[in-house]
Amino acid sequence: MKILFAVSECVPFIKSGGLADVAGALPKELLKLGTEVRVMLPKYGAISEELLKGLNTVKNIEVKVGWRSKYCGIQELIHEGVHYYFIDNEYYFKRSSLYGEVDDGERFAFFSKAVLEVCRALNYQPDIIHCHDWHTAMVPYLLKESYSSEPFYQDMKTVFTIHNLQFQGVFPYSVLGELLNLDDSHFTYEKLEYHDNVNFMKGALSSADAITTVSPTYRNEIQTPYYGEGLDSLLRHRDDSLRGILNGIDSAIYNPAADSLIEQPYSEDTLHYKRRNKLALQKEFGLPQSEEIPLISMVTRLTKQKGLDLMKRVLHEMLDWDVLFIILGSGDREFEDFFRSMEHAYPQKCKAYIGFDEPLAHRIYAGSDMFLMPSQFEPCGLGQLIALRYGSLPIVRETGGLNDTVDPYNEYTGEGNGFSFTNFNAHDMKYTVQYAVELYSQKETWENIVKSAMSKDCSWSASANEYQRLYAELIPGRDIRVL
Ligand code: ADP
């Protein structure tokens, strides 16, 4: 079975969020199951030269974008057993940011077409093209509407995974003819039209052979108006083809027992070493060095989705308690300013590192007692999974993947691996944090919950098998291995 991943970011090359973690880890797991997976992504200028050592140019082709022909370099690299194709066009991808450019519609229309054209140019026929989020959402659509009449493409199937329904790739009507070479018959309610614009995500949702999203709860949520971001009726219509498959984390990268980025590696059996990470983190941030004061952290994009409105409402009340708070994040100015101002107001208790820093994220996961994720919605969430693995107890809102992965502590049975609250309400969050802070002083109980968190299986193996099963359903008759 041959699977091609088409994706806009991928660890270890380029990452802005969880999508890159998934695109980095899942192919490796599928390879272990014997599936041939290749990954195609843009060759961004920001990818370090070091990681691209050994990159080999295979071919240069031209891709039609409206009436223009655009250069498309095809470069390949085998990295840790995975075959990567980098799509090279410096004009489109040598930019200072990954997304948010005025011509994003053109950049990813080009990339989506390139994915299909490169297959032909290399005479490479994947059984399934697995696309991710709006950046590659036009691949299933173009395959079905423009390419599948050619024998080369007619047997290819598509899977489209929604990592975040909020970002849909909505562009003006003109992209239809000027970029995608599609005529007005595609500008209908059933196809690409969305409030007088063209919606890339809608294209994938209406055309992909199977749709997945990254947790069972989010799968159900997005079929309701509150979470459906305007596409809930289409998702209800595709209910039979829609599956929720939980993300995992790369257990080699996120392994507290062998993490070279943290002060002192530790496991469930050597939990006392975790304390050294806490003391080192406190020292690094100029906070009081104390094992007794609970340390609460966040590592997150600073956007509304992550529940930061709740933090704005009650963080000052929480900082009146004997707690320490560290946040690592970047994003909306409103929240960056808020956390900077809180650091200024509570210099001995609250620290904000505004930026993106992977090694620091590891030190925070290792050094914290509690990890807060009060998201408004959360397709899966990786932060809470990493926190579980590092024994930093997640405090989450019961939504999406947070609901599927964090079992709230039950004081009657002693079961659970974190804490959760139901309503998107600042005081509900505050009371849950308060409960966790109070419990922290009961050392034995706390340690038991930490052990239960660290022993949860957050790896990819179960989910990789589920993807494998889905692929097999789409191409019956193929020999597949499911463990
Ligand atoms: P999303 O994909 O919505 O941003 P996830 O929880 O699924 O949220 O994944 C976020 C990933 O990005 C996690 O691996 C988290 O540790 C990482 N991350 C988020 N912000 C930062 C940051 N400022 N610095 C380092 N890593 C970050």
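Pro12 sits in the loop between strand S1 (2–6) and H1, and a cis peptide bond with omega of about 10° joins Val11 to Pro12. Helices (H or I, at least four residues) and strands (E, at least two) are DSSP runs, numbered from the N terminus. This is a predicted model, where local features need pLDDT of at least 70 and side-chain atom pairs count only at pLDDT 80 or more, while totals for chains, interfaces and linings use all residues. Residues are numbered from 1 along each chain as its sequence is written, and side-chain values use heavy atoms, with hydrogens and water left out.

- Most residues other than glycine have a negative phi, and most peptide bonds are trans.
- Asp133 is not a glycine, yet its phi is positive, near 60°.
- You'll find Asp133 in the loop between strand S6 (128–132) and helix H4 (138–147).

**Who surrounds the ligand**
- There are 22 residues around the ligand, and Gly18, Arg301, Lys306, Gly355 and Tyr365 come nearest (near means a heavy atom within 4 Å).
- Domain 1 (2–248 + 461–474) and domain 2 (256–454) each give at least three residues to this shell; the domain bounds come from an automatic or database domain assignment.

**Polar contacts** (pairs of N or O atoms within 3.5 Å)
- The side chain of Lys15 has an N or O atom 3.2 Å from an oxygen atom of the ligand.
- Asp21 also puts a polar side-chain atom 3.2 Å from a ligand oxygen atom.
- With Gly383, a backbone N or O atom lies 3.2 Å from an oxygen atom of the ligand.
- On its own the ligand has 560 Å² of accessible area, and the protein covers 92% of that (Shrake-Rupley method, 1.4 Å probe).

Definitions and conventions
A polar contact is a pair of N or O atoms within 3.5 Å; within protein, one must be able to donate a hydrogen and the other to accept it, and residues adjacent in sequence count only if both atoms are side-chain atoms.
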